[in-house]
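Please read the points with the structure open.

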There are 2 protein chains.
Amino acid sequence: MKHQDLLFTNDVAAELDKIVKDYGAPLTFILVDENTRHHVLPRLLSSATALSDAKIITVKPGDINKNLDSLALIWSELQNGGANRRSLMINLGGGMVTDMGGFAASTFKRGLRFVNIPTTLLSAVDAAVGGKTGINFNGLKNEVGVFNEADAVIISTCYFSTLPVEELHSGYAEMLKHGLIDNEENYNRLLSYRIEDADSGRLLSLLRESVMVKRRIVEEDPHEHGIRRALNLGHTAGHAFESLAMRRGNPIPHGYAVAWGCVVELVLSHMKAGFPSSELQRFARYVYDNYGSMHVTCDDYPEILELMHHDKKNISNEINFTLLSGIGEIMIDRTATEEEIKTALDIFRDLTHQ
Amino acid sequence: MKHQDLLFTNDVAAELDKIVKDYGAPLTFILVDENTRHHVLPRLLSSATALSDAKIITVKPGDINKNLDSLALIWSELQNGGANRRSLMINLGGGMVTDMGGFAASTFKRGLRFVNIPTTLLSAVDAAVGGKTGINFNGLKNEVGVFNEADAVIISTCYFSTLPVEELHSGYAEMLKHGLIDNEENYNRLLSYRIEDADSGRLLSLLRESVMVKRRIVEEDPHEHGIRRALNLGHTAGHAFESLAMRRGNPIPHGYAVAWGCVVELVLSHMKAGFPSSELQRFARYVYDNYGSMHVTCDDYPEILELMHHDKKNISNEINFTLLSGIGEIMIDRTATEEEIKTALDIFRDLTHQ
């Protein structure tokens, strides 16, 4: 696995100038979506002198456009812009831009160098780091892609001040997940911070700690054959909630689904692995206070189970979970019966006041 | 780089049964084109018992179909067939099938295991080994892809008996190239064998030696940052000839272009690196006797130079060549001026009786 530079800074332009100069790339391309093109790019271009000749590639925003058409458009623009193997691509945006841009860069002429600059908390803590690139295909999320880490990721909190508070909470859920799988100290620090305060210096330090949890795990198992599945905590139930909400025509932010999914999976952890009841209560309360709840009834259970059965992480007919026997005590590749999952959903509803 | 099994055998079905059993893959997919579906697949299916439940994916034949539409079709069929990360894909065909199938497998759910079974001499000695996967895009060859080696390649001469002799010569040109960059012994053995005789036992042994030359070089430099460019001998001029013939509406087999390209580049090697004149004469005679010549006139030179300038391997405005100072004496990243190239083309025409 190549070495990836993770740079934590609030002077993105200076870091970028350094990288472009160090790489000596004759041509630089910047991928943005229409939102980051208007709200983030102008400021960056005005201060990063090395980008004066950069070519801009713009895609439509939103997960729905993380598709083959947009990918083909990026490849075409790289081709028309004369990209060669020494070119550099900069992905400036949320997870949609870094996922798809990373895949485009990894495959154009069998691989250009690329740098991610996440502009949302969620992408900073999750998508931009760890080498999972890809697009959705035929309605399935991240169905096509490669594992390939960005040459560098520049992580900054300077783009977060204009994000809606819901976006901040969504990203923070992945940080909480990292805290849960890391250790009590990290986890307690996260529970005592209020993301709404957006004290950006403190957030950058928490973010660095959180990203480093992911980095350590990914370095140990880049292709997700084992311990990387620890990062899936909350995601089996979370993805099912996310898909259910999508089908209902009322999509929920990814991090909210993960927060609720973590509650369900900590219930299972308590039932099957001895995760302490007091910690479960404490986490559930925090989630309810900050994220509210996912409204589900018994009638939704069959659909939730069916969605869990379709999870990419399953390798046979059984539903795969990552559980914890305590904060930082990871148990990957655990399964649960449908009855156990239904019980966990009952308790989840109870814990989140439904 | 993962370890790749190279299996040389004339009992393909037995090897395949062993692999499928060893991998314990719950689902197997076989990619074929319409030609290999009719001419090769039935015999394999009738003798490989492990393939009884395999799902067949068929694409249209020919380099022109090595495109995004076919790739999307393969992804869809994998998806509809329920492929997961433990599935196995078998690419049965020429370079078009192994290149595109390798790319599809490398990217579906971020990577399935795959096995190549080349059915032409050209793909056995070149495309199926070394991890270059990809498709053509917007009219440019292999514009999109990844470096990813097949988990195993099963190499057999049993499919060659029905190939037209032109196809055999085309593949043999890449073997000659491997001989030139390897050593005199290997090279002399190749020059004294007559591919038309198709003594398949002897050919399998020559093929093994030839594939091992490529494998050694690829292991040293999988991503073509250096010595792997040795394998590009003959390909700067060769690709230009191939594209020129294509534009003229009279396409030539890849190996013929490489054979003629090798003559041009050995002329340059003689001019610029002291490659012995006697060896140049000997090689040129062999090529003329077996491949005839590429008809070009002085009027074609500007177009040939323009095509050379567009080569993917160039990293600046200069045209990049691999040259030899002797058999097995490799010099990568050499450049030549337009005047030198024109002179080499003059001598090429002379050596091939034009």
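The points below go from the pair of chains to the sheets, and then to the helices.

1. The model is predicted. Chain A is superposed on chain B by a rotation of 180° with 0.0 Å of shift along its axis, at an RMSD of 0.0 Å. That is the relation of a two-fold axis.

2. Of the interface residues of chain A, 100% are also interface residues in chain B, so the copies meet through the same surface.

3. In chain A, six strands make up an open sheet with parallel pairing, in the order 1-8-5-4-2-3. Its edge strands are strand 1 (5-8) and strand 3 (55-59) of chain A, each of which pairs on one side only. From one strand to the next, the twist averages 20°.

4. Phe8(A) has Ile155(A) in strand 8 of chain A as its bridge partner.

5. Helix 5 (residues 95-107) of chain A lies across strand 2 (28-33), strand 3, strand 4 (88-93) and strand 5 (113-118) of chain A. The angle between helix 5 of chain A and strand 4 of chain A is about 165°.

6. Chain B also has an open sheet of six strands, with parallel pairing and the order 1-8-5-4-2-3. Strand 1 (5-8) and strand 3 (55-59) of chain B are the edge strands. Neighbouring strands here are turned by 20° against each other on average, direction ignored.

7. Strand 4 (residues 88-93) and strand 5 (residues 113-118) of chain B run parallel and are joined by six bridges. Gly93(B) stands opposite Pro118(B) of strand 5 of chain B. Helix 4 (residues 68-80) of chain B packs on the sheet, where it touches strand 2 (28-33), strand 3 and strand 4 of chain B. The direction of helix 4 of chain B makes about 165° with that of strand 3 of chain B.

8. How do helix 11 (residues 254-273) and helix 12 (residues 277-291) of chain A pack, and at what angle? The angle is about 160°, with the axes 10 Å apart. Angles over 145 degrees count as roughly antiparallel, and helix 11 and helix 12 of chain A are therefore roughly antiparallel to each other. Their crossing is left-handed.

9. Residues in this contact include Trp260(A) and Leu266(A) of helix 11 of chain A, and Phe283(A) and Val287(A) of helix 12 of chain A. The contact residues divide into 12 nonpolar, four polar and no charged.

Definitions and conventions:
Residues numbered from 1 in each chain as written. Chains lettered and ligands numbered in written order. Predicted model: local features only at pLDDT ≥ 70, side-chain atom pairs only at ≥ 80, totals over all residues. Heavy atoms only, no water. Least-squares fit on C-alpha atoms with pLDDT ≥ 70 in both. Contact = heavy atoms within 4.5 Å. Pairing = 2+ DSSP bridges. Helix = DSSP H or I, 4+ residues; strand = E, 2+ residues; numbered from the N terminus. Axes fitted to C-alpha atoms, helices over the stretch in contact; angles between N-to-C directions. Parallel < 35°, antiparallel > 145°, perpendicular 65-115°, else oblique. Left-handed = near helix turned anticlockwise from the far one by under 90°. Nonpolar A, V, L, I, M, F, W, Y, C, P; charged D, E, K, R; others polar.
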